[in-house]
Amino acid sequence: MEQTLVIIKPDGVRRRLVGRIIQRFEDKNLTIKEMYQGVLTEAIAQEHYAHLKDKPFFPNLVNYMTSGPVVFLLLEGKEAITLVRQMLGATNVLQAIPGTIRGDFADSTTENIVHASDCQENATIEIQRFFR
Ligand code: TYD
């Protein structure tokens, strides 16, 4: 079993998509181990996206991520990290294919509804950051 960290981002909460997104993960037989709603501070958003700090879109990204409540999910399942990333769809709005969460709901690369850990190392760090 693997664990991964998902964040339903501010636009996902604002657009009242929380239930439908969680339903997809449950439909895929992933287990919700823990879950809560909260607001990211600027410092935590900057830390979470530190790998992008030199990108031109970084200030926008941090503004967006701190713009309202988000929902944190700790999900568990077989190959959960890879599986959940596939369910999210591509980062680029034009490459996120229909059937994925971003492909079905996102109309912007920055405001793209969901985050999920992209590898084991980051899953460990992100679970620690938001659940421990
Ligand atoms: P990244 O970690 O590359 O992708 P992912 O979220 O799929 O793991 O990027 C983090 C977030 O930064 C991404 O979800 C949306 C935003 N972003 C942009 O706004 N513009 C961009 O060109 C990229 C690559 C990302």
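Predicted model: local features only at pLDDT ≥ 70, side-chain atom pairs only at ≥ 80, totals over all residues.
**Ligand surroundings**
- The residues that surround the ligand are Lys 9, Tyr 49, His 51, Leu 52, Phe 57, Leu 61, Arg 85, Thr 91, Arg 102, Thr 109, Thr 110 and Asn 112.
- Sorted by class, this shell consists of 4 nonpolar, 5 polar and 3 charged residues.

**Polar contacts and cover**
- Thr 110 also places a polar side-chain atom 2.5 Å from an oxygen atom of the ligand, while an N or O atom in the side chain of Asn 112 is 2.8 Å from a ligand oxygen atom.
- Of the 510 Å² of accessible area that the ligand has on its own, the protein covers 78%.

**Aromatic pairs**
- The count of aromatic pairs comes to 3, and one of them joins Tyr 36 and Phe 131, whose ring centres are 5.3 Å apart with planes at 80°, so this pair is edge-to-face, given that planes over 60 degrees apart fall in that class.
- The pair links distant parts of the chain, 95 residues apart, with Tyr 36 in strand β2 (residues 31-38) and Phe 131 in helix α7 (residues 120-131).

How values were computed. Residues numbered from 1 in each chain as written. Heavy atoms only, no water. Near = heavy atom within 4 Å. Polar contact = N/O pair within 3.5 Å; in protein donor to acceptor, adjacent residues only side chain to side chain. Areas by Shrake-Rupley, 256 points an atom, 1.4 Å probe, with all protein chains shown as cover. Nonpolar A, V, L, I, M, F, W, Y, C, P; charged D, E, K, R; others polar. Phe/Tyr/Trp six-rings, centres within 6.5 Å; stacked < 30°, edge-to-face > 60°. Helix = DSSP H or I, 4+ residues; strand = E, 2+ residues; numbered from the N terminus.
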